[in-house]
Amino acid sequence: MTIAGSRNALWRLYALVAIVVALVAAALTPAPATASEDATVDVIVREKAPATEDAERLVATLGGTVGDHLAIIGGFAATVPADALATLVAAPTVAEVTPNSGLTMLGAGWDDASKLKFNPSTYAGTVNRVADSVLQAPAFWSDGYTGEGVDVALIDSGVVPVDGLTYPGKVINGPDLSFESQSNAFRHLDTSGHGTHMAGIIAGRDNGAAISGTSNDFLGVAPGARIVSVKVAGHDGATDVSQVIAAIDWVVQHRSDNGMNIRVLNLSFGTDSTQSY
C-alpha cells in the first residue's frame, strides 16, 4: 500500500500511538570461547565515570572502535572483538555492557484490512470516526484540548509531506540519524511509510480543516499539535538501539530550541530481545 493511499486506512495502526520501548538491556554475556578471533560484537557501554575517557581508551586498547557518544545514559556505542568482551565487562571504569540490538518498526501483519474484519470504505475521513468510542477525541477538542502548542517528537523513519501533513508548520525536521542521511534525495524523507503513517495518526490535519468531531476532513488524534521528525530508520524500517538512544538524547537536549515545545516523545518499535528493559 502506498503512503498516499493510506489516508483513509490510518486507523489500522491506531493502536501504535502507544509508546513501545525496548531500549536498554541487561548485562551482556561474554562470547563463548569458541568464537572466532576476528569476530566482533556491537555493544553499548555505560561508564562509571562518563566525564573521563578511560572506557573509550580501553575499547581502543582492546582493538575495538568507539561509535556515537550517548550522553543521556552516560555511555557510548562501540564495536569490540568478541574475545575481548569479558575484559571490557569486568573493567573498573565500566558500569554495564549491553548488546546494540536491532529494532524494527511495528506494524507487520496489518497491511490487509480484511484481517481486522473492517471495510475501509465505511470509515472514510477523520481517524476519529473509528477511534471515537475508544479515545472520545472530539470531546477533548471541544474542551480546547487539540494539541495546540504541543510538539510531538517522532523518532521513526521520517515523514513525507502527503495530504494531511502539509498544513503550514505541521512538520519540523530534526536531525536525520539514518544511513539515508547521506542522500540528498532521501534525507529526512520517509522511504518505508511507517513514520508518515504515525505522524498522520498523531497530528494529521488537512489544509484548512476545522478541528471538529463532525468534520469530513482528515484529522489525527491531536490535530493542533506539531510533529518534530527525527529520522533513525530507512526503507527497511530497521535501526538499532544506539541510534534510538542518540535520537532521544537530541530530543531531550533540544526540546525547547527555536520555539519548539516538545512535550511528547513517540517510539513505535519492536525487538526480539528477551532481556530486561
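Q: How far apart should the ends of helix H6 be, at 1.5 Å a residue?
A: The 14 residues of H6 (241–254) should span 20 Å, and the end C-alpha atoms are 20 Å apart, which agrees. The expected span is 1.5 Å times one less than the number of residues. Helices here are DSSP runs of H or I, at least four residues, and strands are runs of E, at least two, numbered from the N terminus.

Q: What kind of model is it?
A: A predicted model, where local features need pLDDT of at least 70, side-chain atom pairs count only at pLDDT 80 or more, and totals for chains, interfaces and linings use all residues. Residues are numbered from 1 along each chain as its sequence is written, and side-chain values use heavy atoms, with hydrogens and water left out.

Q: How many residues of H6 are buried?
A: 10 of the 14, so the rest of the structure largely encloses H6. Buried means under 20% relative accessible area, exposed over 50%, partly exposed in between (1.4 Å probe, protein chains only).

Q: Which ones?
A: Among them are Val244, Ile245, Ile248 and Val251. Ser242, Gln243 and Asp249 are buried as well.

Q: How many bridges join S2 and S3?
A: 4, in the antiparallel sense. Leu70 has Gly75 in S3 as its bridge partner.

Q: What about the parallel sheet? What is its order?
A: S7-S8-S6-S10, an open sheet of 4 strands. S7 (171–176) and S10 (262–267) stand at the edges with a single partner each, so one side of each has no neighbour in the sheet. Neighbouring strands are turned by 25 degrees on average, direction ignored.

Q: How many bridges link S6 and S8?
A: 6, between S6 (151–156) and S8 (226–231). Ile155 stands opposite Val230 in S8.

Q: Which helix packs on that sheet?
A: H5 (194–203), touching S6, S8 and S10. Its direction makes about 160 degrees with that of S6.

Conventions:
Two strands pair if DSSP finds at least two bridges between them. Axes are lines fitted to C-alpha atoms, for helices over the stretch in contact, and angles run from 0 to 180 degrees between N-to-C directions. Contact means heavy atoms within 4.5 Å.
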